[in-house]
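Hi,

Here is the structure I said I would pass on. Have a look at it first, and my notes follow below.

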Amino acid sequence: MSQGAASLPARDPQPRTRYDAVLLVSFGGPEGQDDVLPFLRNVTRGRGIPDERLEEVAHHYRHFGGVSPINDQNRALRAALTAELDRRGLDLPVYWGNRNWDPYLSDALRAAHAAGHRRLLAVVTSAYSSYSSCRQYREDLAAALEETGLTAEVQVDKVRQYFDHPGFVGPFVSGTRDAIRTVLDEIGPDAGPGDVHVLFSTHSIPTVTAVASGPPTADLGPDGAYGAQHRAVAEVVMAALASGTDAIEVDWSLVFQSRSGSPHTPWLEPDVNDAIGELASRGVRGVVIVPLGFVSDHMEVVWDLDEEATATARDAGLAVSRVPTPGVDPTFVTGLVDLVEERHTTGEPDGPVDRPALTPLGPWYDVCRAGCCANPRGERPAVAGLA
Ligand SMILES: CC1=C(CCC(=O)O)c2cc3nc(cc4[nH]c(cc5[nH]c(cc1n2)c(C)c5CCC(=O)O)c(CCC(=O)O)c4C)C(CCC(=O)O)=C3C
Ligand SMILES: [Fe+2]
């Protein structure tokens, strides 16, 4: 990477803290047809989006009976985290709360407080830096503390963004290796590495939000920390595949999916479907789709990739395979508990412990910089940051 850690602002000393419980923080999703519109109104709250427009997105959920897979995935992740914490003898119960659906963050905070917990360490199901994937969760936690009247009593810190932690990256490496083989087999016996292209896909965000991602004084390129982090992780995955006994080298690119908002507002491009069309016209015969931006197989993965992008590829005559998300892969679960332990053992951010990171950008900040991942629409109070 040309833009390395050297251009990031310095870290400040923070007070010593140890934790009473882990707070698993996620997006939330509907669990039946009647939940779908209220859920979408929650997601878009404050922006006056008409129900007709929301009904277009609702269609994805309606197709699956109004049920998003995300809540069951979080139930499984919570159970897996609990088991791994127990195995290590760490006495940290795991509470679970969502930004947009039941169980809400405020429910989780009330339950943790009622059980006597005062210092919570949040693990968010989101690996990268941007307003939607980091700061908005920190703001929603601050708002939930306000709402429950617990601001003065309960402290919520957060483990660092883990885009380049080996626990998050590992499952993508093995999954991508397997998927390349699957696609080569599907193309046929004459297929070679030049026939396949790896598409690393992540959520598109408005370009202004991308530029504002990461610490305000960092210079991480035209799409901010969000773009730089994804490119750096993709490079790590491809470098891992290019080494060892069964080394393979194929072309790759970073693409974006699930854009919403006004068509007049620029969002990160190219869209995964456009990229697939472009590859087909260049004579590529197969694509591997890596959902690099996502932690579990939720709606953006099972609809936008498995239904839409896969159909785009098949219609263009391409072989296609989608790599699994980390989900509850033991490597990922172990990695998340390592991240918890990293903060819990020393009780300090940026503490004197091993803080593994696979890209020159990391390890990312334990405590977000002031103004980090700003929302172009304005700032709200946030936990787990400086000022
Ligand atoms: C970066 C990013 C992640 C990854 C990080 C993370 O995982 O947090 C993510 C995840 C998710 N996004 C999700 C769902 C939605 N995102 C929306 C809208 C938006 N996402 C955005 C960005 C992201 N989103 C943005 C800039 C918007 C528009 C503005 C706004 O509304 O903030 C909308 C509104 C309708 C629409 O506009 O399409 C919905 C329904 C679900 C749940 C899926 C399920 O139910 O299984 C998940 C995990
Ligand atoms: Fe989203």
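Keep in mind that this is a predicted model. To start with the overall layout, the centres of domain 1 and domain 2 are 25 Å apart, taken over C-alpha atoms. In the domain assignment, domain 1 is made of 5–161 plus 329–346, while domain 2 covers 166–322.

The two domains do meet: 25 residues of domain 1 contact 27 residues of domain 2. On the domain 1 side, the elements that put in two or more residues are helix H2 (51–63), helix H3 (70–87), helix H5 (131–148) and helix H11 (330–346). H11 gives the most there, with six residues. Sorted by class, that side of domain 1 has 13 polar, ten nonpolar and two charged residues.

Then there's ligand 1. Which residues come nearest to it? Out of the 22 residues around ligand 1, those are Gly29, Ser68, Ser260, His298 and Met299. Helix H1 (33–43), H5 and helix H10 (299–315) are the elements that supply two or more residues to this shell.

As for its make-up, the shell around ligand 1 holds 13 polar and eight nonpolar residues, plus one charged residue.

That's what I have so far.

Cheers

Note on methods. Residues numbered from 1 in each chain as written. Chains lettered and ligands numbered in written order. Predicted model: local features only at pLDDT ≥ 70, side-chain atom pairs only at ≥ 80, totals over all residues. Domains from an automatic or database assignment. Contact = placed C-beta atoms within 7 Å. Helix = DSSP H or I, 4+ residues; strand = E, 2+ residues; numbered from the N terminus. Nonpolar A, V, L, I, M, F, W, Y, C, P; charged D, E, K, R; others polar. Near = placed C-beta within 6 Å.
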